[in-house]
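Student: Could you walk me through this model and tell me what stands behind each term you use?
Tutor: Gladly; let us begin with the words themselves.

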Amino acid sequence: MKTMTKWLMTGMCTFLIQQPVHAESMNETRYVALESKELPERAPRFVFDSGLKFDYPDAVRGIYVTGPAAGGNKFNELIKYVDETDLNAMVIDIKDDWGNVTYKSEDPDSPYAGIGKDHIKNPKEILRKMEDKQIYPIARVVVFKDTLLAKEKPEWSFLDEKKVWENGRGESFVNPFMKEVWDYNVGIAIEAAKMGFKEIQFDYVRFPEGFEKKEDELKYNMGDYDEAKISHTAKRVQAVTDFVSYAKKQLEPYGVDVSVDIFGYAATLPEAPGIGQNFTKISENVDVISSMIYPSHWTSYFGIEKPDLEPYDLVKEYAKLENRKLKELEAPPTSRPWLQDFTASYLGAGNYQKYGKEEVEAQIKALNENGIDEYLLWNAANRYTKGVDYTP
């Protein structure tokens, strides 16, 4: 972890040279020494060209791919499956749920070179394969759930007395109030854009679940939001929204779209008070909004007692609700929900069913009938149902 520590000490300067902001967080002498370096031109005069060319599909229909799957033998199997069906996109982990960067950078001077896993040994090679088949590449970057960074930089996290706080699954989060955390993640997104990914999908753009119940017990820095004359709930919403807006601006010179994953229930509320997600405010700052609307994850909110057993009705009711919310916006983003292609046996007997062709098609049909043509399929093990009609 020594390399990571070195980056944390000097890497912010790297980002500030590219995008000169947050100067107060840097070592002053180091900044003066580097300040004379030529800055890259900024949009619209400069747009980075990765050398790879991808056309946006008629409508994105994609699958989730883990880092190990993208870098292993399974990738060829997934490429073949997408190529032979009406699927046309892949969402690939570039920074995973624990904070690991999933590739070894081709650039030995990359600030992330010391923390990259070798899951994807040659990112450019997999992107060339995708280019050959015109499979639209989306880079998934998990933002604020980051156990690795939290342990390395406790001051960027939440402390329970003197230890980094962990949830019941042993996971830690970093602090969305801190702009250093923003830059750390935006830097990874920029590397993905330079590789040739056409879209950056930010996930876990939120505070930990139930944060409002523990906010007074934990120690953490509120940064620039400390003095704001608004409630703590409003501060969390503002921090999350500001990160999304900031990330989108920083990524403009790289010609990529920006999408955000968001809890499906966030669209049902004015704002999700604990986690800081406001569906409308996030939607105003992205190109694509991807609500996670897996039937298994709902209670009886829509009057459906056992949602996992009724995927068509659940998705239909959600789609109608989301359409109403997005119509209120002057420039709504593309809606591209996450759908369920897994069996939620953890719900217990009588509350779940085995998901296969019929259940996946039911979700897609419900979206299509409500004017939503784009979607993504989630299966954590990357085992997707065969024989599905993806364009019913």
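Tutor: Buried means a relative accessible area under 20%, exposed means over 50%, and partly exposed is in between, using a 1.4 Å probe and protein chains only. By that definition, 56% of the 392 residues of the protein chain count as buried. This is a predicted model, in which local features need pLDDT of at least 70 and side-chain atom pairs count only at pLDDT 80 or more, while totals for chains, interfaces and linings use all residues. Residues are numbered from 1 along each chain as its sequence is written, and side-chain values use heavy atoms, with hydrogens and water left out.

Student: How do you know what is a helix and what is a strand?
Tutor: Both are DSSP runs numbered from the N terminus: helices are H or I with at least four residues, and strands are E with at least two. On that basis the protein chain has twelve helices and 13 strands.

Student: What makes the buried residues of H5 line one face?
Tutor: In helix H5 (residues 123-133), the buried residues are Pro123, Lys124, Ile126, Leu127 and Met130. Seen down the axis of H5, they fall within an arc of 160° (the arc of the directions from the helix axis to the C-beta atoms), so they line one face of the helix.

Student: What makes a set of residues a nonpolar core, and which residues have the most contacts inside the largest one?
Tutor: A nonpolar core is a set of buried Ala, Val, Leu, Ile, Met, Phe, Trp, Tyr and Cys residues joined through side-chain atoms within 4.5 Å. The largest has 116 residues, and Met90, Ile92, Phe202 and Phe243 have the most contacts inside it. Helix H7 (residues 179-195) gives the most to this core, with ten residues.

Student: How do you know what Ile92 is in contact with?
Tutor: Contact means heavy atoms within 4.5 Å. Leaving aside neighbours within four places in sequence, the partners of Ile92 include Val65, Phe75, Ile126, Met130, Arg140 and Phe197. Across the protein chain, 76% of contacts between residues at least 6 apart in sequence join residues at least 24 apart.

Student: What makes an open space a pocket, and which residues are closest to the centre of the largest one?
Tutor: On a 1 Å grid over the protein atoms alone, where a 1.4 Å probe fits, a pocket is an open set of points with protein on both sides within 12 Å along at least five of seven lines; lining residues have an atom within 4 Å of a point. The largest pocket has a volume of about 730 Å³, a volume being the space filled by probe spheres set on the points, with grid points joined across faces, edges and corners. Of its 28 lining residues, Tyr204, Phe263, Met292, Tyr294 and His297 are the closest to the centre. Strand E9 (residues 257-263) gives the most to that lining, with three residues.

Student: How is the lining divided by class?
Tutor: Ala, Val, Leu, Ile, Met, Phe, Trp, Tyr, Cys and Pro count as nonpolar, Asp, Glu, Lys and Arg as charged, and the others, Gly among them, as polar. The lining of the largest pocket then has 14 nonpolar, five polar and nine charged residues.
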